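Welcome! Take a moment to look over the model below, and then we will walk through it topic by topic.

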Amino acid sequence: MNTVLLLFMVVVVIGIIRAHNLFSVVILGGAYSFLLATVMVVLDAVDVAMTEAAVGAGMSTVLLLAVLHLTRTREAPLRHAPAIPLLVCLLTGSALVYATVDLPPFGLADNPQNQHVAPYYLDNAEKETKSPNVVTAVLASYRGFDTLGEVTVIFTAGIGVLILLSRRRRREMIVVDEGRSKHDA
Amino acid sequence: MTEILADLNYWVTIFLMIGGLYIITAHGNMIKKLVGLGIFQTSVYLLFLSPGKVLGGTAPIIAPGFELYSNPLPHVLILTAIVVGVATIALGLALVVRIHEAYGTIEDDEVQEMEAD
């Protein structure tokens with residue numbers, strides 16, 4: 001099951017690389033996000049899967065489609081053969097594959113990463129926070145400051161988007177531009 | 001055979017990472033670059049979630065009758081990362097809209113040519 005889903009994801013990514021119509025790129029991106037959400041369910045990360053389906057597949061796709069509506073939907077063909085990017089990617093890829101040799105075996109409970117702080121959360125989260133969902137307990141209580149930082153990032157990004165797209169400022173800039181061209185003339 | 005399948009998660013993660021990196025570096029269209037950035041980000045989600053899976057375990061929601069749970073910590077970290085990822089994409093898309101207004105194109109080499117003129 002997991003294998004099939006992962007291979008589907010590989011196929012979708014190859015499709016995204018090859019597609020020149022940006023509309024199909026965006027829709028394939030949405031399909032990719034849904035596949036990823038399903039893989040996350042297989043990996044027991046149900047909360048993450050829900051978020052990915054709603055935010056990754058839903059919101060990102062809507063945002064990308066909105067921007068396509070404002071800009072254009074075809075990608076210009078590549079001007080020269082992408083030799084250097086290919087080389088960099090292949091080198092990085094082989095280094096990463098080499099690094100997987102040293103990883104602990106997949107899915108064992110006594111791997112180091114599963115022995116650190118996770119057993120404490122699993123044993124005590126329900127007692128200490130009254131939430132049977134350990135992910136919620138860690139997100140909102142044990143690592144609440146992380147979540148506060150996340151909210152700060154979103155707030156900053158929201159301000160950035162508003163400033164970039166605000167109408168009044170743009171009108172002022174156009175006026176300034178016209179003023180400057182009159183001055184030049 | 002099972003060993004190969006177990007490592008498949010990591011290899012697919014690496015392929016997705018490289019695919020995203022390739023789109024970002026080789027393609028000049030900014031919307032496609034952002035989709036590539038999204039693929040790169042999501043590959044990191046897999047990189048975190050795969051080692052946290054415990055074979056035979058279940059989702060970390062405490063319930064009677066279950067003894068073995070997957071590691072909840074990567075789930076929390078990735079939950080944060082997904083939302084931050086969308087914020088990044090949104091900011092990037094806003095920049096793309098402004099670049100399109102200013103230059104009439106969203107290809108980075110065309111923008112560079114206009115700047116050079």
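Residues are numbered from 1 along each chain as its sequence is written, while chains are lettered from A and ligands numbered from 1 in the order in which they are written.

**A first residue: G160(A)**

- G160(A) counts as partly exposed because it has 15 C-beta neighbours inside 10 Å. (A residue is buried if 20 or more other C-beta atoms lie within 10 Å of its own, exposed if 12 or fewer, and partly exposed in between; C-beta atoms are placed from the backbone.)
- Leaving aside neighbours within four places in sequence, G160(A) is in contact with L91(B) and A94(B). (Two residues are in contact if their C-beta atoms, placed from the backbone, lie within 7 Å.)

**The two chains**

- Chain A has eight helices and zero strands, and chain B has four helices and zero strands.
- The radius of gyration of chain B is 20 Å, well over the 13 Å that the globule rule gives for 117 residues, so chain B is more spread out than a compact globule. (This radius is taken over C-alpha atoms, and the globule rule is 2.2 Å times the number of residues to the power 0.38.)
- Chain A has a radius of gyration of 23 Å, whereas a compact globule of 185 residues would have one near 16 Å.
- Along the principal axes, the C-alpha atoms of chain A fill a box of roughly 75 × 45 × 25 Å, and the C-alpha trace of chain B spans about 70 × 30 × 15 Å.
- Buried residues make up 24% of the 185 residues of chain A and 50% of the 117 residues in chain B.
- Among contacts with a separation of 6 or more, residues 24 or more positions apart account for 44% in chain A and 45% in chain B.

**Where the chains meet**

- The contact between them takes 76 residues from chain A and 71 residues from chain B.
- On the side of chain A that touches chain B, α3(A) gives the most, with 14 residues.
- By class, that side of chain A has 50 nonpolar, 16 polar and 10 charged residues. (Ala, Val, Leu, Ile, Met, Phe, Trp, Tyr, Cys and Pro count as nonpolar, Asp, Glu, Lys and Arg as charged, and the others, Gly among them, as polar.)

**The nonpolar core**

- The largest nonpolar core has 64 residues, and those with the most contacts inside it are M9(A), M40(A), V138(A) and I31(B). (Such a core is a set of buried Ala, Val, Leu, Ile, Met, Phe, Trp, Tyr and Cys residues joined through C-beta atoms within 7 Å.)
- The largest share of this core, 12 residues, comes from α3(B).
- Leaving aside neighbours within four places in sequence, M40(A) is in contact with A45(A), V48(A), A49(A), E52(A) and L49(B).

- Helix α2 (residues 22-42) of chain A has 21 residues and reaches 30 Å from its first C-alpha to its last, close to the 30 Å expected. (The expected span is 1.5 Å times one less than the number of residues.)
- Among the buried residues of α2(A) are L22(A), Y32(A) and M40(A), and what covers the buried residues of this helix includes α1 and α3 of chain A together with α2 of chain B.
- Is α4(A) largely in the open or largely buried? Of its 18 residues, the number buried is one, so α4(A) lies largely in the open.

**Two positive phi angles**

- Most residues other than glycine have a negative phi.
- D44(A), in the loop between α2 and α3 of chain A, has a positive phi of about 70 degrees although it is not a glycine.
- K130(A), in the loop between α5 and α6 of chain A, has a positive phi near 65 degrees.
- D44(A) counts as buried, with 22 C-beta neighbours inside 10 Å, whereas K130(A) is exposed, with 9 other C-beta atoms within 10 Å.

**How confident is the model?**

- The mean pLDDT of chain A is 86, and 90% of its residues reach 70 or more. (pLDDT is the predictor's confidence in each residue, from 0 to 100.)
- In chain A, confidence is highest in α2(A), at 93, and lowest in helix α8 (residues 167-184), at a mean of 62.
- Where pLDDT is low, the predicted coordinates should not be read in detail.

Technical notes:
Predicted model: local features only at pLDDT ≥ 70, side-chain atom pairs only at ≥ 80, totals over all residues.
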